[in-house]
Amino acid sequence: MSAIQRPRTRMTGVQRRLQLLDIARQLFSLRGVDGTTIEEIATAAGVSKPVVYEHFSSKEALYMEVVTNEYRELLARITDSLSGDDSSRVLLEKAALALLTYIEDCTEGFRILVRDAPPSQPEGTYSTLLTKVTEQVEHILTDEFSRRGFSAEDGSIYAQMLVGMVAMTAQWWLDARHPDKRTVAAHVVNLAWYGLTGLRKEPGLRDQMASPATEQ
């Protein structure tokens with residue numbers, strides 16, 4: 001019996017669909033879309049293959065719904081973290097924490113996003129999401145650069161670098177899980193905000209600092 005096999009129970013159509021999505025997410029995370037079959041999903045759910053096809057026309061359709069759900073969840077979390085009226089630094093902190101928290105809460109979903117590209121998005125779902133996030137970060141950096149007297153046009157370049165740094169760190173932390181997410185976020189902000197020549201020896205997030213008004 002599969003490690004995630006469920007005993008067969010009577011469910012409503014909505015309950016069964018959600019169950020199949022949950023099981024598919026687990027299997028796609030473990031084996032990838034190519035390594036997972038409809039038969040395995042059906043067996044784990046305790047149903048026959050035709051039951052799966054009653055809810056999803058194909059494995060690809062099931063996979064796309066799993067991916068779409070995860071994509072929307074992660075994008076919503078990051079967008080929400082960047083939508084406040086906080087300072088640019090605090091928005092950076094929140095965005096980094098939002099991504100790391102999603103990985104902590106939805107590990108299986110993140111593995112799917114970063115590993116398998118859906119047929120309809122050959123460039124990759126995670127890449128598509130990062131492009132949308134970069135557009136938001138660019139607006140924030142443009143305002144910050146203008147306020148500091150720098151070229152606002154350079155904001156787009158720095159947005160690419162900043163999002164890339166956070167994204168790669170997140171992929172590393174997916175398996176490392178050490179140190180904790182707040183410490184990782186603090187180090188990301190340390191490098192992004194101060195640069196190599198201005199690194200703090202013991203970085204922290206703003207809500208950890210005794211006198212945040214003293215830091216620029």
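**Surface patch**

I found a nonpolar patch on the surface made of Ile157, Tyr158 and Met161, with about 310 Å² of accessible area together. Patch members need over 30% relative accessible area and no salt bridge, and nonpolar side chains are joined within 5 Å; areas come from the Shrake-Rupley method with a 1.4 Å probe. A salt bridge is a Lys or Arg side-chain nitrogen within 4 Å of an Asp or Glu carboxyl oxygen.

I placed Ile157 in helix 8 (residues 155–176); helices are DSSP runs of H or I, at least four residues, numbered from the N terminus. Ile157 counts as partly exposed because its relative accessibility is 48% (buried is under 20%, exposed over 50%, partly exposed in between).

**Notes on the model**

This is a predicted model: local features need pLDDT of at least 70, side-chain atom pairs pLDDT 80 or more, while totals for chains, interfaces and linings use all residues. Residues are numbered from 1 along each chain, and side-chain values use heavy atoms, without hydrogens or water.

**Thr36**

Buried or exposed, I wondered about Thr36? It counts as buried, at 0% relative accessibility. I located Thr36 in the loop between helix 1 (13–31) and helix 2 (38–45). Its side chain reaches the backbone oxygen of Leu27 at 3.3 Å, and a polar atom of that side chain lies 2.9 Å from the backbone oxygen of Gly32.

**Phe28**

Leaving aside neighbours within four places in sequence, I saw Phe28 in contact (heavy atoms within 4.5 Å) with residues including Thr36, Ile41 and Leu62.

Notes. Patches are made of residues with over 30% relative accessible area and no salt bridge: like charges are joined within 9 Å, nonpolar side chains (Val, Leu, Ile, Met, Phe, Trp, Tyr) within 5 Å. Helices (H or I, at least four residues) and strands (E, at least two) are DSSP runs, numbered from the N terminus. Buried means under 20% relative accessible area, exposed over 50%, partly exposed in between (1.4 Å probe, protein chains only). A polar contact is a pair of N or O atoms within 3.5 Å; within protein, one must be able to donate a hydrogen and the other to accept it, and residues adjacent in sequence count only if both atoms are side-chain atoms.
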